[in-house]
Amino acid sequence: MNRSAVIIIILLALWGCRKEVNIDLDDRDKKIVLNSILSQGDPILVNLSLSKGILEDDYPMDYIENGLVILSKNGVAIDTLSHDSNGNYISKFQPETAIYEIDVWSPQYNKVHTSTEIPSPVSISSIDTASVTGYEQRFDFTYEYQALECRLKITDPPNETNFYLLSVENEVHDSLSGIFKLPVYYRSPDPVLASDKNNYVSLPGGDYGALFTDEIFNGTTYRLVIHVERYAFMEGYNKMVFKLHSLNRELFLYLKSLELYNQSKFGAFSEPVQVYSNIENGFGIFCGYSTSSNSIEFDYTWDGGMYP
Amino acid sequence: MNLRTIFAISLFLIAQFIFAQKYTISGYVEDASSGEKLLGCNIFDPEKLIGTVTNNYGFYSITLPAGEYNMQCSFIGYKSIPFKIELRNDTVINLSMVQTNLLKEVEISASKLYSKVEESQMSIERIPIKTIKAMPLLLGETDIIKAIQLLPGVQSGMEGSSGLYVRGGGPDQNLILLDGVPVYNVNHLFGFFSVFNPDAINNVTLIKGGFPARYGGRLSAVLDIRMKEGNVKEFKGEGSIGLIASKLTLEGPIIKDKTSFIVSGRRTYIDFLSQPLIRYAAKREGVEKFKAGYYFYDLTGKINHKFSDKSRMYLSAYMGNDKVYLNMTEKDNLSIYDAEMGLRWGNITTALRWNYILSNKLFSNTTATYSRYKFVTGAGFGEESLTDNSNINFSYEYFSGIDDWSIKNDFDYLPNPNHAIKFGIADIYHTFKPGINVFNTSTGGFSLDTTYGNKNIYANEIALYAEDDMKIGSRLKVNAGLHYSGFYVNRKYYNSLQPRLSGSFLLTENLSVKAALSRMTQYIHLLTNTSIGLPTDLWLPVTDTIKPMQSMQYAVGMVYGIKEDYNISIEGFYKTMSNLIEYKEGASFFSSRSDWETNVEMGNGWAYGAEFLIEKKKGDLTGWIGYTLSWSERRFANISFGEKFPYRYDRRHDVGIVLLYKINDHIDAGLTWVYGTGNAVTLALEKYASLLSVSEYYYEQNIEYYEKRNSFRMKPYHRMDVGINFYKKMVWGERKLSIGLYNAYNRKNPFFMMFEERNGETKLMQYSLFPIIPFLSYNFSF
């Protein structure tokens, strides 16, 4: 039993004279919820639903199926999205590096508007590797590990704040199953990543990695250091794919706040987290990212140690 | 220049010297029956409108031109002493004042000259201990902090809490001094009672703004509590028996008129009273042995020795602890199980003080102090197999706290009636103990005994100050000063120069306008995200990244005195605060403390408002009505996306009414009523689908929408307490029987709120803590 629970139990046990009072919440107008994430190469999909009062059941979701969704690119309307199912509206266009806007009308609800920009991809121009012994401080002891140190060369665009998510996967070639991709967890002694250990999140597509900004290396060429522990390797051929996702500010804030929200949701003593939204007159998120990747290939032979 | 001219000038200068020759009257003022020094007592000449006030040690000094003076000494609840003096040389006059009868003690007899209207200080409140003792009580326990919460500009936080939120500041921003020693945790019983036992207290002063330069180290308030010194004349005692606690105070001379002592103790007995019930319930549940309970106690002591008229020494100490414990043993055919857990927290403060009168104008006070706050929690579990005698044991303990050693030297220099100069120097050596975990386990052949956690942090804080309380002409009084402080921690030195200025201008005999500004710096932070006075709150110093908190407060006001009965005051204030800390969104109070710096955000805050107070200090009906209109807001770059949000204890309207009525010489009655705008809490009222709902990789998820931090208001808080006191002279002394009602009209005030599932529906529930609670307390003194 943790300390918070003990204290609460004691407090309530001592003061059993507490009373419960029902409180009526104000009726809140329902709002349109718009969720869409743009990435180069994927079709544009917008999901529309309605917000709910906090006392309503979560399910079923109230999807909007009669909405009018207009997509604009660089200030020019280019498409009216068609409804597919479950509130999903699909465009015939694929996103590029540009500013996109969405306007949504639905009977009985306030019109919502939002805009976002897809950032240009930032490439990993080279990858240097070395076998190293890594160290990580945990409480009063130091965790030691054997790892492949990877130095990823990035040239950050100048005069702007850039947001990134780095994911790593091992592309495994199996004679029976064919090619499949295993997500790889990595550590980092790099100050860019080490400053916040709670920044590992997933993109809605499955790529998992650490969020970071260019605060330390804005506009410069930087070698980002990560450590991949040996147990991420397969006996034989390995292809490690490093994906650098350039996120726009909206997606960065959304992922960061959503991760904190999920972490704190069940903590009685955690400060509540406000999840980022950029929908005018509504809720949800409209955001984008672009991705570049680089890879290394090597054969790995297990040396018989505790780990492969 | 001819010889005649030189002669004339010389004669004039000699005459000036002769006629301007000044002498000093000085001495101590004390209570005639106990020898207790009287603090803030007025010594003045009502005709010539000159005078002075005793300092915190009962010492006064006034330097006047030679001549005849009709002086008067007056103090709250005491008969004034007129005395005539032909001042021809320096004179020492020690004064002994006689109390008016006990039931009149809540009256004030101070002259208009040194009333609130005239003093240079503003935003200062003094509540006589006798008034506090006459007020209605929670569970029969007189509480100094709860009385202070009824003053304008001061909020109490949660229901029943002993927190002090002064002019939009947090409880960590209050410098709470017990005999000059900082007390870090003033809460007993999770904040429902304060640690100060009123029977051992002599004087309570609250300063909310316009801080004199002698105080520093906190942003929002100074609560200066002075202990009694002990009766040097005769042996005395007083005590009380209440519903949850009893207390006893004994005082008397060790060497008559030279050395005295006072010792005071208090303990709760909820644990004794509830033990049979707990055992009975445990037996019914099949638990072999079960012991659980809670108690707190505090002990206060002081020895005071007078070496000579010029030299006195005091040794005072306070020790208080709260303890929660649970032990249980269960047994079945296979094993015996033992489990135990506990929480313990408390303060120790000690002060050794030496007063020495260097000259009749210069008073020195040298103090060495020690203050410690310690929190310990632990749990253990053991299982012994009855079949193969194997054992499994596990235990865990966590310690945290803060230790302070300090030495300071304060001087009062009173060159003439127009200047009262104070200056001094102080050094505090802090040891911060941010948390040590001790983990012990043994099972079969494996055992582990490890200690881990944060290393102690050592810091040194220095302070220098000088202030002058000046009288400029007949209408203007100014207190101007400078406070310099420095803080050395982890090879980094922070320092700050803080100007302090307050003044009053007498528009008419009964009406003055006042203004003040003060800059304050605080080098220690309290890591907390709850307000129920949890003992786990952690004091931590500034670091490379966490900078010192700073505030700047401006205040203007007006005081109007009606005869000697009423004071009406109105004050407006504006306070800015920088480098405040808050937990980051999502950070948990119970998350690892090792990286606490990464769990907090720094930001700014500001508070502004107006306070209105009517006090009636004489007559059968006494008390006050206070009203505060205020705003308190915060802005942190990474909280609520940088938008400003209300402070949790932002309270738009706050009312405190205290009425004490003397029915006859044997009975008086009290009534208090409080009203406050509901607390600001963070509550989600809507929810919506997340982005992950559009991804085939994730389950659908709803996000609860928080408009911004502290954007929801709980219902207003209001409560009335009533009480009646019956006094009776007995053969052995006097007794007072107090009865009354806490929360007399049974208002269900919100304590906290949460969503709950009830009969398949989600509901928002409000929990209230204290319904109507009668109290009964028997007090005695001999």
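Reply: B:R266 has its place in strand β20 of chain B, which covers residues 259-268. Helices and strands here are DSSP runs numbered from the N terminus: a helix is H or I over at least four residues, a strand is E over at least two. This is a predicted model, where local features need pLDDT of at least 70, side-chain atom pairs count only at pLDDT 80 or more, and totals for chains, interfaces and linings use all residues. Residues are numbered from 1 along each chain as its sequence is written, chains are lettered from A and ligands numbered from 1 in the order in which they are written, and side-chain values use heavy atoms, leaving out hydrogens and water.

Is B:R266 buried or exposed? B:R266 is buried, because its relative accessible area is 3%. Buried means under 20% relative accessible area, exposed means over 50%, and partly exposed lies in between (1.4 Å probe, protein chains only). The side chain of B:R266 has a polar atom 3.1 Å from the backbone oxygen of B:S194.

Now turn to B:F196. B:R266 is in contact with B:F196. A contact means heavy atoms within 4.5 Å. Beyond four places in sequence, B:F196 also touches B:I144, B:I145, B:I176, B:L178, B:V183, B:V186 and B:I225.

B:F196 belongs to the largest nonpolar core, a set of 76 residues. B:F196, B:I148 and B:L223 have the most contacts inside this core. A nonpolar core is a set of buried Ala, Val, Leu, Ile, Met, Phe, Trp, Tyr and Cys residues, joined through side-chain atoms within 4.5 Å. A second, separate core has 29 residues, among them A:I124, A:I127, A:L166 and A:Y200. In soluble globular proteins, nonpolar side chains tend to be buried together.

Further along chain B comes another buried residue. B:W345 lies in strand β23, residues 335-359 of chain B. B:W345 is buried, because its relative accessible area is 2%. B:K374 is 29 residues away from B:W345 in sequence, yet their C-alpha atoms are 5.5 Å apart.

Step back to the whole of chain B. Chain B has 5 helices and 49 strands. Its radius of gyration is 29 Å, close to the 28 Å of the globule rule for 782 residues, so chain B is as compact as a globular protein of that length. The radius is taken over C-alpha atoms, and the rule is 2.2 Å times the number of residues to the power 0.38. The C-alpha atoms fill a box of roughly 115 × 65 × 55 Å along the principal axes. Of the 782 residues of chain B, 57% are buried. Take the contacts in chain B between residues at least 6 apart in sequence: 66% of them join residues at least 24 apart.

How far can you trust the picture? pLDDT is the predictor's confidence in each residue, from 0 to 100. Chain B averages 84, and 91% of its residues score at least 70. Over residues 13-19 of chain B the pLDDT is below 50, and the model gives this stretch 1 contact beyond near neighbours in sequence. Residues 695-699 of chain B also stay under 50, with 11 contacts beyond four places in sequence. Where pLDDT is low, the predicted coordinates should not be read in detail. The model as a whole scores ipTM 0.87 and pTM 0.80.

Notes
A polar contact is a pair of N or O atoms within 3.5 Å; within protein, one must be able to donate a hydrogen and the other to accept it, and residues adjacent in sequence count only if both atoms are side-chain atoms.
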